[in-house]
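Look through the sequence and the model before reading the points.

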Amino acid sequence: MSKRLVKGRRSGVAMATAAAMTAAGVAYASIPDSTTGIISSCYNPNSGAVRVIDDPSHGYTPTCPSTEKPLVWNQIGRTGPTGMRGPQGPPGPNNMHWVKTDAAGNTIGKSDSGATVYNGAAYTYFTIPNVDPSKCAITVQATNAMFSDGPITTSYQLYGAYVYARAQQLHPNGTVDWYPKTGLDVILGC
């Protein structure tokens with residue numbers, strides 16, 4: 001008979017432990033509140049202790065014992081008021097000009113028929129009539145690289161009304177190829 005009592009107590013303790021762990025998991029899963037993101041707690045002004053609670057009111061009216069005061073805060077924070085509108089920025093580009101070359105240094109396209117273009121492998125030197133490149137946003141991209149054994153970077157310089165754009169490639173052994181076999185797309189947004 002004593003063995004039955006011990007077995008009964010053990011299973012009762014095991015069931016109580018499982019129930020407590022399940023309840024703790026449910027309480028943990030709902031802090032902060034899954035609806036509002038608010039964390040609710042009870043603050044004891046005498047001891048300074050703060051207890052985080054699972055609040056069924058979603059943080060709007062937490063219930064605490066009479067010796068404690070409710071305390072809530074947001075996990076993320078509330079959105080502040082919208083700021084003042086800033087000043088109008090300068091107008092963006094209204095004209096796009098471009099030159100495209102292939103890996104052999106041939107011009108394969110240009111936006112302006114009057115553009116004067118001189119090319120080679122991985123470089124182009126051009127001017128577009130009535131366009132001041134110093135007032136343009138310029139992008140240079142390498143295209144259709146014949147060898148891809150290292151990163152290819154691009155750059156450009158302005159020489160009066162001319163744009164000189166080029167590509168260079170850094171190889172794994174540390175050497176730089178100043179004229180890699182690659183095409184270029186150069187875009188001027190003016």
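Is Cys 190 buried, partly exposed or exposed? Cys 190 is partly exposed, with a relative accessible area of 23%, where buried means under 20%, exposed over 50% and partly exposed in between (1.4 Å probe, protein chains only). The model is predicted: local features need pLDDT of at least 70, side-chain atom pairs count only at pLDDT 80 or more, and totals for chains, interfaces and linings use all residues. Residues are numbered from 1 along each chain as its sequence is written, and side-chain values use heavy atoms, with hydrogens and water left out.

**Disulfides overall**

- A disulfide is a covalent bond between the sulfur atoms of two cysteines.
- The structure holds 2 disulfides, each counted as a pair of cysteine sulfur atoms within 2.5 Å.
- Counting bonded cysteines along the protein chain, the pattern is 1-2, 3-4.

**Cys 42 and Cys 64**

- The sulfur atoms of Cys 42 and Cys 64 are joined at an S to S distance of 2.0 Å.
- This pair links distant parts of the chain, 22 residues apart: Cys 42 lies in strand β1 (residues 38-43), and Cys 64 in the loop between β2 (50-53) and β3 (69-74).
- Strands (E, at least two residues) and helices (H or I, at least four) are DSSP runs, numbered from the N terminus.
- The link of Cys 42 and Cys 64 is left-handed, with -90 degrees about the S-S bond.
- Cys 42 is buried at a relative accessible area of 1%, and Cys 64 also counts as buried, at 17%.

**Cys 136 and Cys 190**

- A second disulfide joins Cys 136 to Cys 190, with S to S 1.8 Å.
- Here too the pair links distant parts of the chain, 54 residues apart: Cys 136 is in the loop between β7 (123-127) and β8 (137-143), and Cys 190 is in the segment after β12 (183-189).
- The link of Cys 136 and Cys 190 is right-handed, with 100 degrees about the S-S bond.
- Cys 136 is buried, with a relative accessible area of 13%.

**Thr 124**

- Thr 124 is found in strand β7.
- Thr 124 is buried, with a relative accessible area of 0%.
- Not counting residues up to four places away in sequence, Thr 124 touches several residues, including Val 99, Val 117, Tyr 164 and Leu 184; contact means heavy atoms within 4.5 Å.
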